[in-house]
Amino acid sequence: MNNGDGKRWNGGGEEDEDEDEESGGPDGWQITYADERSWESLQEDESGLLRPIDNKILYHAQYRRRIRSLSSQATTARIQKGLIRYLFVIIDFSRAAGETDFRPSRMVVVAKLVEAFIREFFDQNPLSQLGLVSVKDGVAQCLTELGGSPESHVKALMGKLECSGESSLQNALDLVHGHLKQIPSYGHREVLVLYSALSTCDPGDIMETIQKCKKSKIRCSVIGLSAELFICKHLCQETGGSYSVALDEPHLKELILEHAPPPPAIAEFAIANLLKMGFPQRAAESSIAICSCHKEAKVGGGYTCPRCKARVCELPTECRVCGLTLISSPHLARSYHHLFPVVPFDEVPLSFLNDAHNRSPRSCFGCQQSLLNPGNKPGLRVKCPKCKQHFCLDCDIYIHESLHNCPGCESFRHSKSAIASEE
């Protein structure tokens, strides 16, 4: 669990390197073949021939399994989710982050995926706030405070890409605990750890730190980039989080993006609360005022707090003067799609499409692209169980993950209201 002596055993790696040097080392084509793992992109068809894997269909199958599992959980129990989340992302920048099992290195791959996660997080949770913490040389450092600006988080992350020393999980948890314990009761406190090391060098008893997080209702989740660790699994079990180990880069991306939608609320937090919010007006382009965020005069743009008339740069945020939560009406509207999600679409069987008696549409109702394969053969498609309209696989993913409204159901609702108004 704790690795205080800092020893590392390479399992005979030096002997292997000596043998490679004596034999001249592997050829360039062998290194390329081993790095690209081209054999993983092949599959055997019905006739026994090797063919490339259709990544689009594979990704859609994984996506549909995730949608089905979330839908089954929602139907079996009434799950309450938090709309206002306070999330810290802890990134392990220790020596282990420099390993090259993820190309070009774990650190570069994690930074790229965290950037995508930050943008997806604020798109899915416009009222929430996020912060970044890095761990290296046994010290945890806060890269960004809790805030709602994705650009500032990405800029701070890309400016600190260097790995060294050991990792300390306890120091990271102590740091985020000091920030999250001050969050009001209506906020949902979460921690996501991206851990590369196989050990943790801690100054004290990490079990006490885990109990502090549990007492403060902080949900801790861990995604490992190496092997499964007992201390990470124990942390997730105690705090109600999830623990996963990434197999490769696509799997790592899937695991990270699973934390973008809000998780089920902890029982103690599943209480209705009233929260006072302000809807500020955008300032005139020619106005000059001192920004309360950056403490400097700015010309035009920004928003004016309706309570204290202070100027802020962007929304959502918390007024630095009076503490009022400032949002816009689109932010509030976008937060409700988690409460009323689009039902999963049903796959249309090929037997139905090949039946001459069934007149199925030839184009997708969403993007109007053809649903036929070369040779006018029917391709894979899905159907909305309510409006019965057919959609392609790309529109299926776009509707459930970005649009959060079925175009067929919306058009049917508008046409129905138009007929009623004419009558």
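The following legends describe close-up views of a predicted model.

Local features were taken at pLDDT of at least 70 and side-chain atom pairs at pLDDT 80 or more, while totals for chains, interfaces and linings use all residues. Residues are numbered from 1 along each chain as its sequence is written, and side-chain values use heavy atoms, with hydrogens and water left out.

**Figure 1. Overview of the protein chain.** The chain holds 13 helices and 21 strands; helices (H or I, at least four residues) and strands (E, at least two) are DSSP runs, numbered from the N terminus. Of its 423 residues, 39% count as buried, where buried means under 20% relative accessible area, exposed over 50% and partly exposed in between (1.4 Å probe, protein chains only). Among contacts with a separation of 6 or more, 64% are between residues 24 or more positions apart; contact means heavy atoms within 4.5 Å.

Figure 2. Six of the six residues of β7 (residues 219-224) are buried, so the strand is largely enclosed by the rest of the structure. In a regular strand the side chains alternate between the two faces of the sheet. Arg 219, Ser 221 and Ile 223 are buried on one side of β7, and Cys 220, Val 222 and Gly 224 are buried on the other. Strand β6 (residues 188-195) pairs with β7 in the parallel sense over six bridges; two strands pair if DSSP finds at least two bridges between them. Within this pairing, Leu 192 stands opposite Ser 221. Strand β8 (residues 243-245) also runs parallel to β7, joined to it by three bridges, and Tyr 243 is the bridge partner of Val 222.

**Figure 3. The β-α-β units that share β7.** Helix α7 (residues 206-215) forms a right-handed β-α-β unit with β6 and β7. Helix α8 (residues 230-239) forms a right-handed unit of this kind with β7 and β8. A crossover is right-handed if, with the strands pointing away from the viewer, the path from the first strand over the helix to the second runs clockwise.

**Figure 4. The second largest pocket.** This pocket has a space of about 730 Å³. Of its 26 lining residues, the closest to the centre are Gln 129, Leu 146, Gly 147, Thr 317 and Arg 320. The elements that give two or more residues to the lining are β5 (139-147), α5 (150-158), α6 (169-180) and β15 (317-318), with the largest share, four residues, coming from β5. By class, the lining has 10 nonpolar, 12 polar and four charged residues. Ala, Val, Leu, Ile, Met, Phe, Trp, Tyr, Cys and Pro count as nonpolar, Asp, Glu, Lys and Arg as charged, and the others, Gly among them, as polar. On a 1 Å grid over the protein atoms alone, a pocket is an open set of points with protein on both sides within 12 Å along at least five of seven lines, a cavity is a set where a 1.4 Å probe fits but cannot get out, and lining residues have an atom within 4 Å of a point. Grid points are joined across faces, edges and corners, and a volume is the space filled by probe spheres set on the points.

Figure 5. Of the 14 residues that line the largest cavity, Tyr 86, Leu 127, Gln 129, Thr 317 and Thr 325 are the closest to its centre. Strands β15 and β16 each supply at least two residues of this lining, which has nine nonpolar, four polar and one charged residues. The open sheet has the order β9-β16-β15 and mixed pairing. Strands β9 (277-278) and β15 are at its edges, each with a single partner strand, so one side of each is left without a neighbour in the sheet. Between β15 and β16 (residues 325-326) the pairing is antiparallel, over two bridges, and Thr 317 stands opposite Leu 326.

**Figure 6. Surroundings of Arg 381.** Arg 381 lies in the loop between β19 (377-378) and β20 (382-383) and is buried, with a relative accessible area of 2%. Beyond its neighbours within four places in sequence, its contacts include Asp 346, Glu 347, His 390 and Leu 393.

**Figure 7. Cis peptide bonds.** A cis peptide bond joins Leu 315 and Pro 316, with omega about -5 degrees; Pro 316 lies in the loop between β14 (311-312) and β15. Another cis peptide bond joins Arg 103 and Pro 104.
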